[in-house]
Amino acid sequence: MHEIVTLQLGQRANYLATHFWNLQESYFTYNEGEESPIDHDVHFRPGIGADGSETYTPRNVIYDLKGAFGTLRKSNALYELSADFDPGQGLWDGKEILQQQTPIPQSDYQKSLDAGLPAPTLTSETVRYWSDYNRVFYHPRSIVQLNDYELNSQTMPFENWDAGEELFNDLDKEHDLLDRDVRPFAEECDQLRALQVFTGSDDAWGGFAGRYIDRLRDEYGKKSIWVWAIEGGGKVSRQAQFKRDMNKARSIHTISPQSSFYTPIIDPPSRLPANFNVDARSEWYTSALISSAVETVTLPSRLRPYHDFEASLAGDDGIHKIFELQSSISGDEEIHAKGTNRGEDTGDGSSKVTTKFDLDFTYDESSSNEAHIFNQMQVSRGFEPEQKDDSASHEDLGLSRKLRLFNSEPMHQRFHTSLRFPILDSFPGNMLPISNPDAGAKVLAALTASSRTAERIKTMQAVAGRMIGVDERENLVNGLGEIRESYETGWASDSDYDDD
């Protein structure tokens, strides 16, 4: 088995991850003899519920601020914790005055799930919290509320990178967060494969994630760490934008060198096709759109049989770790895609990379044709693939890699599955340009390493040189410069000359 433990840090991360877990839950099969193409043991763990029955819950740890969980509690139908209902008086034997906040009413969607009734149609107005559309039971250990800050607080907003860093240091000193929250899930794994992190990157969650990933790398030095770094795409004041830019610069400087891959995600994307119906003010909508790409591009990691898709991302040199997320989505009409059958790795470097996508979640898509692509990994789902060229199947892969390097051609890997992207009742049903949502959507998603990253980091350096304090300026600007160099065309590392 090749298990993955997921960490979710903050509000944006939890909106996105909730869609991700709903999709994983939808792949379960319950008919005898019917096997899902998805290996559920990658992301789910077996356990024993409060009544002694077997349970199956995600391998995840969910962090969020006070007031951010909505109606989600540690106790649920699988794990009823008596401590939640009777906290006890402790050592105090005096008179108690109990003050309780007004309970948040359960959404109609959650009520229908609990009652086993057909779920009502969700809208931007009826989704108040990410827990309002959650379809999955979590283990009580997965829920971690951070009470030092409150969601949407005006007096103590959780915005500054330093605040997140300080909060992690304080909590880790008191509790040892890895030992308390991560290790129980990691030690249950037969062969821990990766730690997946969903996090905000342009607010205090970037600082929290930066320190957390430092600890993860120290503890799990040889394990893969996947980071989905989410940043706000909405318009804000000039001062707030400068703060966001500094937080993003610090996040990419601190986290990307420690990661196996680091993918910035703009929520919502800067450009949306006219035939997509997206309420950009609703995190439920925008995170659903992002989930279609994130869930698709990571699909090879949980398909049967096992696929080592991190090796595809590493490319020929393993240098490029910052990737762009892109996708194209359709219903009945076809998008050009090559492949053979479900879950097959369809080869390496035998065709051109793709630069035209409906959606670019990382950068402005207008510059994609001008960029040099170092490496691209594509995943297509739901298409009728073209037949694979027999001559390419007998090609010496080692020789093809050498030729590609000699000709400065990009690394290219493709995966294909016939499994369509499911449109669930927890998903905005009218968002995608498809005529039959029940049949699912065809998605082509890609992770691409290109020279556009150098352009973006150069801009970050310029802003940091003007805005950051003197004490940190040199370290941050120089560190960003070192990262930028590896994404500039014509750059080569010392390792390229080791054979001379």
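**Briefing on the structure**

Asn152 is exposed, with a relative accessible area of 66%. Its surroundings belong to a predicted model, in which the protein has 13 helices and 14 strands. Of its 500 residues, 54% count as buried.

**Residues with positive phi**

- Most residues other than glycine have a negative phi, and most peptide bonds are trans.
- Asn152 is not a glycine, yet its phi is positive, near 60 degrees.
- The residue Asn152 sits in the loop that runs between strand S5 (143–150) and H4.
- A positive phi is also found at Asp176, about 55 degrees, and Asp176 is likewise not a glycine.
- Asp176 occupies the loop between H4 and H5.
- With a relative accessibility of 29%, Asp176 counts as partly exposed.

**Cis peptide bonds**

- Asp267 and Pro268 are joined by a cis peptide bond whose omega is about 0 degrees.
- Pro268 is placed in the loop between strand S8 (261–267) and H8.
- A cis bond also leads from Arg304 to Pro305, where omega is near -5 degrees.
- Pro305 belongs to the loop between H8 and helix H9 (309–314).

**Helix H8**

- Helix H8 covers residues 283–297 and has 15 residues.
- From its first C-alpha to its last, H8 reaches 21 Å, close to the 21 Å expected at 1.5 Å a residue.

**Helices H4 and H5**

- The axes of helix H4 (residues 161–175) and helix H5 (residues 177–187) come within 7 Å and cross at roughly 85 degrees.
- Angles of 65 to 115 degrees count as roughly perpendicular, and H4 and H5 are therefore roughly perpendicular to each other.
- On the H4 side, the contact is made by Phe168, Leu171, Asp172 and His175.
- On the H5 side, the contributing residues are Leu177, Leu178 and Arg180.
- By class, the contact of H4 with H5 consists of four nonpolar, one polar and two charged residues.

**Helices H6 and H7**

- Helix H6 (residues 204–219) and helix H7 (residues 238–255) have axes that come within 9 Å and cross at roughly 10 degrees.
- Angles under 35 degrees count as roughly parallel, which makes H6 roughly parallel to H7.
- H6 contributes Gly206, Ala209, Gly210, Arg211 and Ile213 to the contact.
- H7 contributes Ser251, Thr254 and Ile255 to the contact.
- The residues of this contact of H6 with H7 divide into three nonpolar, four polar and one charged.

**Contacts across the protein**

- Among the contacts in the protein with a separation of 6 or more, 81% are accounted for by residues 24 or more positions apart.

Key. Residues numbered from 1 in each chain as written. Predicted model: local features only at pLDDT ≥ 70, side-chain atom pairs only at ≥ 80, totals over all residues. Heavy atoms only, no water. Axes fitted to C-alpha atoms, helices over the stretch in contact; angles between N-to-C directions. Helix = DSSP H or I, 4+ residues; strand = E, 2+ residues; numbered from the N terminus. Parallel < 35°, antiparallel > 145°, perpendicular 65-115°, else oblique. Contact = heavy atoms within 4.5 Å. Nonpolar A, V, L, I, M, F, W, Y, C, P; charged D, E, K, R; others polar. Expected span 1.5 Å × (residues − 1). Buried < 20%, exposed > 50% of the residue type's maximum accessible area, 1.4 Å probe, protein only.
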